Amino acid sequence: MSFRRENKNRPREQSSKVPVPVFRDVFQVKKRHHRDPRFDDLSGRYNAKMFEENYEFIKDIKEREKKELEKELEHVGENETTKKKKLTYLLQRMENQERNRKLLAKRKEEQLKEQEEIMEAAERGKKPYISKKKIETKQLVETYQSLKKNHRLDKYLERKRKKNFSKDRKRFFE
């Protein structure tokens, strides 16, 4: 049943005989917006230094857990290989995390020193200049020296060689 309009821009008339649907939105329920505090500005800005200070106690807990794992690993029998593997994996993981944390802290410290040097140079009237190549070469030299000291240089170079070889193979045979 089509009703005419007086003007083409006006809406069509609707019959009052058509029943109103039972499930009709009388009022809209506000949709809840879930927000992730990691990415939301309402939760404040992330300050790494403050985070480190507030959660300093976690390092002690991790150290305690590491000692417990070492003790547990000593008491594991020869026939419990799966448990031994699991414990060694956890222990290795904890050591890697600790090593990574120390490395990041060291790099952060070096970065702060470089920034201070740049600021001093700027105060003396020199133009502030940061050489990316200089920083990269310095890091490469440090990694080389640490690997050589720990007798892991050959293994590292072998892995690099394999990685570069596979990259080259992909480039040549594409």
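## Close-up views of a predicted model

**View 1. A salt-bridge network joins three residues.** Salt bridges tie Glu-52, Glu-56 and Lys-59 into one network. A salt bridge here is a side-chain nitrogen of Lys or Arg within 4 Å of a carboxyl oxygen of Asp or Glu. Side chains of opposite charge can pair when their charged atoms come close. Across the whole structure, the search finds eight salt bridges.

The model is predicted, so local features need pLDDT of at least 70 and side-chain atom pairs count only at pLDDT 80 or more, while totals for chains, interfaces and linings use all residues. Residues are numbered from 1 along each chain as its sequence is written, and side-chain values use heavy atoms, with hydrogens and water left out.

**View 2. Arg-35 meets Asp-40.** These two residues form a salt bridge. Their closest N and O atoms are 2.7 Å apart. Asp-40 is buried, because its relative accessible area is 18%. Buried means under 20% relative accessible area, exposed means over 50%, and partly exposed lies in between (1.4 Å probe, protein chains only). Accessible areas come from the Shrake-Rupley method with a 1.4 Å probe; for residues, only the protein chains shown count as cover.

**View 3. Glu-98 and Arg-101 pair within helix α3.** The side chains of Glu-98 and Arg-101 form a salt bridge, at 2.6 Å from N to O. Both residues sit in helix α3 (residues 81-123). They are three residues apart, so about one helical turn separates them. Helices (H or I, at least four residues) are DSSP runs, numbered from the N terminus. Glu-98 is partly exposed, with a relative accessible area of 25%. Arg-101 is partly exposed at 31%.

**View 4. Glu-158 and Arg-161 pair within helix α5.** A salt bridge joins Glu-158 to Arg-161, with the closest N and O atoms 2.8 Å apart. Glu-158 and Arg-161 are three residues apart in helix α5, so about one helical turn lies between them. Glu-158 has 37% relative accessibility and therefore counts as partly exposed.

View 5. The patch is formed by Arg-99, Arg-152, Lys-155, Arg-159, Lys-160, Lys-163, Lys-167 and Lys-170. Helix α5 (residues 153-172) supplies the largest share, six residues. Lys-160 is found in helix α5. At 36% relative accessibility, Lys-160 is partly exposed. Patches are made of residues with over 30% relative accessible area and no salt bridge; like charges are joined within 9 Å, and nonpolar side chains (Val, Leu, Ile, Met, Phe, Trp, Tyr) within 5 Å. Lys and Arg count as positive and Asp and Glu as negative, whereas His and the chain ends are not counted. Each charge is placed at NZ of Lys, CZ of Arg, CG of Asp or CD of Glu.

**View 6. Negative charges form a surface patch.** Asp-60, Glu-63, Glu-70 and Glu-74 make up this patch. Glu-74 is found in helix α2 (residues 57-75). Glu-74 counts as exposed, because its relative accessibility is 65%.

View 7. The structure holds three aromatic pairs. One of them joins Phe-51 and Tyr-55: it is tilted, with 4.8 Å centre to centre and 40 degrees between the planes. Tyr-55 also pairs with Phe-57. That pair is tilted too, at 6.1 Å centre to centre and 45 degrees between the planes. Rings of Phe, Tyr and Trp (its six-membered ring) pair if their centres lie within 6.5 Å; planes under 30 degrees apart count as stacked, over 60 as edge-to-face and the rest as tilted. Ring pairs link Tyr-46, Phe-51, Tyr-55 and Phe-57 into a cluster. Phe-51 is partly exposed at 40% relative accessible area. Tyr-55 is partly exposed, at 40% relative accessibility. Phe-57 is partly exposed at 45%.

**View 8. His-151 has a positive phi.** The angle is about 60 degrees, although His-151 is not a glycine. His-151 is found in the loop between α4 (132-149) and α5. With 74% relative accessibility, His-151 counts as exposed.

**View 9. Leu-42 is found before helix α1.** Its segment precedes α1 (48-54). Leu-42 is exposed, because its relative accessibility is 70%. Leu-42 and Lys-31 are eleven residues apart along the chain. Their C-alpha atoms are separated by 19 Å.

Methods:
Helices (H or I, at least four residues) and strands (E, at least two) are DSSP runs, numbered from the N terminus.
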